[in-house]
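Take a moment to look over the sequence and turn the structure around on your screen. Then follow this short tour, one topic at a time.

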Amino acid sequence: MTPSATAVAQVLREMRWWDIDPVLALEHELFPEDAWSPGMFWSELAHARGPRATRRYVVAEDPATGRIVGYAGLAAAGDLGDVQTIAVARDQWGTGLGARLLADLLKHATAFECTEVLLEVRVDNTRAQKLYERFGFEPIGFRKGYYQPGNVDALVMRRTTTEETEKIQS
């Protein structure tokens with residue numbers, strides 16, 4: 001199967017508690033030094049449902065195998081959204097799945113009435129930085145030693161929602 005065919009086959013759906021274990025496996029594979037703990041995901045999902053929800057967590061699932069091949073999360077507070085995490089299995093890189101996950105988060109940021117969305121990305125992750133730039137994120141600063149224990153700096157990026165950026169994303 002070609003990468004583009006694989007990307008089309010993935011189903012995006014709301015992350016639920018039973019997804020935490022497979023998401024953690026992917027998290028540890030992709031971010032071995034600074035992987036999230038189970039408690040971090042449980043805490044985020046506790047705020048993702050109901051009338052007072054302030055989070056959106058989504059997984060990308062291969063419908064043929066049930067394998068989780070990506071996930072992403074957004075937190076919203078007032079008019080500010082923050083991309084908490086986004087990850088795609090290595091065998092899915094280059095398929096457009098990261099863009100689909102990010103588009104889902106940005107759609108929900110609009111639903112949460114966020115006028116700005118922030119994120120942090122490792123300074124050495126140029127692939128992700130290019131993706132974020134394509135979606136209108138601009139660098140606004142650095143956080144020294146943000147990613148531990150590797151002591152890697154984070155580039156802070158911001159996307160301001162305007163009518164024009166909404167037209168681009170729809």
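## Overall build

Of the 170 residues of this protein, 42% count as buried. Keep in mind as you read that the model is predicted. The C-alpha trace spans about 40 × 35 × 35 Å along its principal axes. For 170 residues, a compact globule would have a radius of gyration near 15 Å, and the protein has 15 Å, so the two agree.

How many helices and strands does the protein have? There are six helices and seven strands. If you trace the chain from the N terminus, the elements come in the order α-β-α-α-β-β-β-α-β-α-β-β-α.

Let us begin with strand β3 (residues 68-77) and strand β4 (residues 80-88), which run antiparallel and are joined by eight bridges.

Valine 83 stands opposite leucine 119 in β5. To get from β4 to β5, the chain passes through helix α4 (residues 97-111), and this β-α-β crossover is right-handed.

A pair to look for here is arginine 122, which stands opposite alanine 154 in β7.

β7 pairs with strand β6 (residues 138-147) too, in the antiparallel sense and over six bridges. Glycine 141 stands opposite valine 156 in β7. β6 and β7 make a hairpin with four residues between them. The turn includes asparagine 151, whose phi is positive at about 60°.

## Salt bridges

Next, turn to the charged side chains. The count of salt bridges comes to 12. One of them links glutamate 14 with arginine 49, whose closest N and O atoms are 3.0 Å apart. Glutamate 14 lies in strand β1 (residues 11-14) and arginine 49 in the loop between α3 (38-45) and β2 (55-61), so the pair ties together parts that are 35 residues apart in sequence. Glutamate 14 counts as partly exposed, at 26% relative accessibility. Arginine 49 is partly exposed as well, with a relative accessible area of 48%.

Another salt bridge joins arginine 55 to glutamate 44, with the closest N and O atoms 2.8 Å apart. Because arginine 55 lies in strand β2 and glutamate 44 in helix α3, this pair ties together parts that are 11 residues apart in sequence. Are these two residues buried or exposed? Arginine 55 counts as buried because its relative accessibility is 18%, and buried means under 20%. Glutamate 44 is buried too, with a relative accessible area of 10%.

## A bridge between strands, and a network

Salt bridges can also be found among the strands you have already visited. Glutamate 116 forms one with arginine 158, the closest N and O atoms being 3.6 Å apart. Glutamate 116 lies in strand β5 (residues 116-122) and arginine 158 in strand β7 (residues 152-160), so the pair ties together parts that are 42 residues apart in sequence. At 27% relative accessibility, glutamate 116 counts as partly exposed. Arginine 158 is also partly exposed, at 33%.

Some salt bridges share partners. Which residues do they join into one network? The network is made of Arg13, Asp19 and Glu61.

To find tryptophan 17, go to the loop between β1 and α2 (20-30).

Definitions and conventions
Residues are numbered from 1 along each chain as its sequence is written. This is a predicted model: local features need pLDDT of at least 70, side-chain atom pairs count only at pLDDT 80 or more; totals for chains, interfaces and linings use all residues. Side-chain values use heavy atoms; hydrogens and water are left out. A salt bridge is a side-chain nitrogen of Lys or Arg within 4 Å of a carboxyl oxygen of Asp or Glu. Helices (H or I, at least four residues) and strands (E, at least two) are DSSP runs, numbered from the N terminus. Buried means under 20% relative accessible area, exposed over 50%, partly exposed in between (1.4 Å probe, protein chains only). Two strands pair if DSSP finds at least two bridges between them. A crossover is right-handed if, with the strands pointing away from the viewer, the path from the first strand over the helix to the second runs clockwise. The radius of gyration is taken over C-alpha atoms; the globule rule is 2.2 Å times the number of residues to the power 0.38.
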